[in-house]
Amino acid sequence: MPKKMSIKKAAGTKAKPTQPAMSPKEMFALVKRDDVQPSVGMTRAGEIQFQNDKAMQKVKKSLLSFIEMAGTASGQSTYYDSKAGQQKAVIQLHDSLLDANRGLYAAMLTFPGVNDVHKQLGIMRLVGSGIGKGECSLMTPEQENRLVGFLIESLPIHRLLKLFGHMRDNRVNNSRARKIILTTVLNGGSLEFWSVKYRHKMRTALVHALGRGRASALRAILSKSNMDEKELAFFDSAVGQFVRDPVMRKSAVLKECVCFVLGGASASGYTVDLIRRYYDARGSLDSGQGLPRETLEGIRATYHKETPKGKVLELAKTAMSEGDRMRVQKAAKEAGIEVEFDPTKQDIVSLFVYALEMGMTDAIREAIFKKAADIARSLPMSYNRVGIVLDASMSMFGSKEAKRRPLAIALAMREVLGRMSRDATYEKVAGGAEASGCLVYPQGDTSLAEALVEVVEKEPDAVFIITDGYENAPAGRVNEVVKAMRGFGVSTPMYQVTSVIDAGAGSVRSLSDEMIPMPVSRPAGIGLAMVRAALEADLPQGIKALIGLAKPVIEGKKGGQPHGSGDVPKGGSK
Amino acid sequence: MKVTENMTVADMLRGCTAGRVQSVGCMQVIPLVSDISDDRFSAPDDAEVSTKEYGTLVFKNTSDKTMIIPPQTAYVVSQMAQDHALPHAGLVKAKTMKAYKTAVCIQQTQAGLISSGKHQMVILPFVLREHAHTLRKEVDFRRLWGAIGKLNSEAGVSEASGGHLDAFLKHFEKELNAFVAEFEPVNKQVGAIIMINGRVVGIERTPNYSYWKVVWPALIRECYGSLAMMTENKAGAKVPETRVPLRKASSVADLKAALAEATESERVKTAEVVNRLLHVTMVGESESSEADIRVDSVASEGFVGQVVKDGPAVVYGSLIAKQEQLKKDEWESKAKPFAM
């Protein structure tokens with residue numbers, strides 16, 4: 001008897017085996033906050049007050065989790081967690097802390113070690129949602145404004161432009177948002193370069209800030225060869241008033257760049273060098289020398305398909321930012337082109353990521369050592385003798401999205417922590433294969449316990465275990481060892497430095513409750529761990545200390561790193 | 001049935017030595033390391049996989065080596081297509097294409113065929129593997145649906161999931177992913193002995209180092225990870241008897257000694273369990289061949305699986321504990337022998 005086929009045509013889309021990651025729009029979407037009851041506030045006498053005990057516990061949990069996440073999770077997948085899981089956990093924490101107290105939330109975003117994704121999410125929330133009905137904040141609106149300005153300045157331009165895109169997607173276009181967008185885009189000091197490099201993202205930002213009608217009118221008048229007085233006044237009120245430099249405000253560069261970004265065609269032809277090259281390169285790729293690499297590659301792929309990609313590297317190498325120069329090393333090597341980069345201009349983690357892939361050089365090693373020493377000097381703690389255990393097992397390799405990054409952070413931490421000792425550093429690598437210089441390649445199982453005991457035997461003042469929190473030789477052995485040591489009187493402080501987060505638990509995966517967790521995504525972020533300790537010891541005092549730490553920012557005494565510093569051609573903007 | 005020469009687990013693992021035991025929760029993994037890495041064979045990541053019709057899996061070997069497809073290899077794809085599995089091992093010669101009509105559908109109500117491409121492989125969950133092995137020679141694409149439905153129902157995945165393996169994998173995605181990080185490949189690894197609650201549930205051996213790295217995530221996540229997860233969900237997370245706790249120590253030096261003792265004691269305990277299996281005779285049955293390379297099925301009272309042999313050399317082997325044996329072990333561990 002023939003068998004009957006029973007496969008039915010499925011309705012709708014097929015369920016995939018993995019949870020889909022959120023779109024950027026979803027990730028940056030704002031929750032309606034009409035009736036917020038902050039769980040923490042400040043009395044007139046300046047004392048921290050909680051709604052009730054339950055609220056206090058909730059705030060404490062949120063703050064501690066936020067500190068752990070702010071230094072590590074970036075919404076990317078890890079070796080163990082899906083992207084969707086990470087994203088959900090990140091968003092929940094931001095919303096819960098914002099609801100607890102807006103000012104406290106804002107203050108948390110200013111600490112060194114908070115990564116860019118969290119700053120973007122924070123700016124989105126602070127700018128996109130006004131103070132709710134009945135909501136109080138530990139900061140005045142003026143202080144919050146200064147703080148937002150600080151955050152904006154600390155972000156690189158490509159992240160800011162992405163953030164402005166998210167603002168457009170989520171319809172955040174209040175006057176504060178519009179002002180932030182226009183002052184940021186028009187005052188970066190590299191307007192010409194940004195205009196050709198980020199033309200579409202800049203257009204999105206400008207059109208969102210100006211409104212479609214104004215942007216369209218502006219494009220029309222800027223495309224004319226001459227503007228009359230009325231049109232000049234319109235230009236000044238729409239754009240000029242947001243430009244701080246009075247010379248730039250009246251310049252042709254500003255007008256041409258805005259016209260170019262908005263998609264206008266200058267009737268008298270462009271005089272700005274990079275924009276001219278942009279158009280000339282369509283005819284001859286060689287004319288585009290000095291244009292950003294991505295722009296030139298776009299022109300090559302459209303107008304000069306037969307030209308090899310390596311030609312773009314050759315033409316663009318003088319215009320590359322230092323970060324770009326390092327990123328293209330592999331492609332340049334394959335194309336047989338020499339692109340020099342200055343390791344001293346890179347951050348220590350990027351140098352390790354690069355060296356793990358491309359190999360270590362004397363110049364990179366020297367730069368790493370200097371940067372590690374600088375970071376160690378900036379930290380508010382030092383020891384006579386430091387013990388370090390480095391987990392170099394296979395899982396430290398990282399995910400497809402963040403290949404080699406957990407290990408690179410771990411190696412950077414090792415260099416920094418090693419320089420926090422005045423006398424000696426005792427170090428043990430668990431798993432992995434030690435390579436020449438300061439590199440270790442991940443390999444093998446995670447046998448941390450033996451390494452820990454060997455380091456403690458040298459009697460250091462503090463021990464740092466740099467690990468992802470997973471052990472298998474066997475699991476739980478580190479906890480047994482630490483408890484045994486405490487049992488016979490070893491009181492050495494032990495810290496677990498972790499660069500990977502378990503999104504499900506909202507916290508770092510802990511090897512032992514006897515160890516102090518220190519989640520980090522970059523070495524400078526270790527300072528956050530100190531804040532965590534203060535909050536754990538005394539929550540109200542810890543919160544006051546937090547606000548105190550943010551004081552230089554909210555009082556306008558501390559500025560961020562100028563954005564885009566890593567995204568201008570070598571030798572500065574033209 | 002063509003009976004070939006019998007063999008033992010020791011024969012299958014010749015050339016390997018045991019690495020350090022990795023232990024998390026109820027699961028333990030003994031890495032099998034070897035100086036022999038037979039690079040004449042490629043892993044399924046070099047295959048372009050498709051389905052020609054329901055129940056027919058096609059492998060296009062793009063490498064210049066003979067490809068060994070592990071038994072119970074499955075493809076759970078994101079295309080609008082019926083996911084498929086191969087219930088037995090496969091051999092595909094270099095630069096050739098081979099279609100297996102003995103494949104099974106593992107996504108009951110999904111229509112559509114898998115278009116050719118490189119798809120990520122999984123290995124069927126442990127509890128499905130014996131069933132798939134038993135039915136490996138039949139030609140009926142529906143034959144695993146009942147077992148998948150039972151798995152879903154026992155694991156607490158929605159009743160409506162039926163014969164949808166994707167529903168199981170989606171439901172436990174996070175739990176299963178964790179196993180990949182918890183059990184890490186070591187240097188020169190070609191295989192592993194997998195234990196749950198102190199009992200051997202699987203023995204895997206592959207031809208070379210890179211082959212192992214390709215199949216290990218699928219073995220540890222979907223196959224053995226799912227068994228460990230279901231065992232812990234059923235009986236709670238218990239540490240097996242083969243995992244030895246540290247004794248009390250009085251100083252750092254004493255602690256070092258205690259650590260060494262615990263590690264050695266664990267090694268001895270797990271070795272005792274493994275050694276009991278090494279010389280049990282397994283009956284062989286010849287299944288298929290490509291030139292001199294042969295696929296045999298093997299079975300003993302407690303284990304069943306397939307090996308790929310090149311003359312006397314076992315280049316690939318995958319053995320799993322029979323469900324009956326696991327039940328028997330469980331009963332015997334609970335109920336001690338009667339004595340007066």
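In the predicted model, A:Leu206, A:Val207 and A:Leu210 of helix α10 of chain A make contact with A:Arg212, A:Arg214, A:Ala215 and A:Leu218 of helix α11 of chain A. The residues that form this contact between α10(A) and α11(A) comprise five nonpolar and two charged residues, with no polar ones. Two packed helices are described by the angle between their axes and by the distance between those axes. For α10(A), which spans residues 199-210, and α11(A), which spans residues 212-223, the axes come within 6 Å and cross at roughly 115°, and the crossing of α10(A) past α11(A) is right-handed.

Chain A as a whole contains 26 helices and nine strands, and 48% of its 574 residues count as buried. Among the contacts in chain A that link residues at least 6 apart in sequence, 72% are between residues at least 24 apart. The domain assignment divides the chain into domain 1 (48-155 + 528-559), domain 2 (157-267), domain 3 (273-345) and domain 4 (348-521), and the C-alpha centres of domain 2 and domain 4 of chain A are 47 Å apart.

Two further sites in chain A concern individual residues. A:Asp53 belongs to helix α2 of chain A, which covers residues 53-70, and is classed as exposed because 8 other C-beta atoms lie within 10 Å, where the cut-off for an exposed residue is 12 or fewer. Its C-alpha atom is separated by 56 Å from that of A:Lys330, a residue 277 positions away along the chain. Elsewhere, the peptide bond joining A:Ala473 and A:Pro474 is cis, with omega at about -15°, and A:Pro474 is placed in the loop between β7 (462-466) and α24 (477-487) of chain A.

In chain B, positive phi values occur at several positions. B:Lys188, a residue other than glycine, has a phi near 60° and is located in the loop between α5 (173-182) and β15 (189-196) of chain B; with 17 C-beta neighbours inside 10 Å, B:Lys188 is therefore partly exposed. B:Asn197, likewise a residue other than glycine, has a positive phi near 50° and is found in the loop between β15 and β16 (199-205) of chain B, but B:Asn197 counts as buried because 22 C-beta neighbours lie inside 10 Å, the threshold for burial being 20 or more. Helix α6 of chain B, comprising residues 209-235, has a kink of about 50° centred on B:Gly225, and just after this helix B:Gly236 adopts a positive phi of about 80°.

Technical notes: Residues are numbered from 1 along each chain as its sequence is written. Chains are lettered from A and ligands numbered from 1 in the order in which they are written. This is a predicted model: local features need pLDDT of at least 70, side-chain atom pairs count only at pLDDT 80 or more; totals for chains, interfaces and linings use all residues. Domain bounds come from an automatic or database domain assignment. The bend at a residue is the angle between axes fitted to the seven residues ending there and the seven starting there. Helices (H or I, at least four residues) and strands (E, at least two) are DSSP runs, numbered from the N terminus. Two residues are in contact if their C-beta atoms, placed from the backbone, lie within 7 Å. Axes are lines fitted to C-alpha atoms, for helices over the stretch in contact, and angles run from 0 to 180 degrees between N-to-C directions. A crossing is left-handed if the near helix is turned anticlockwise from the far one by less than a right angle, and right-handed if clockwise. Ala, Val, Leu, Ile, Met, Phe, Trp, Tyr, Cys and Pro count as nonpolar, Asp, Glu, Lys and Arg as charged, and the others, Gly among them, as polar.
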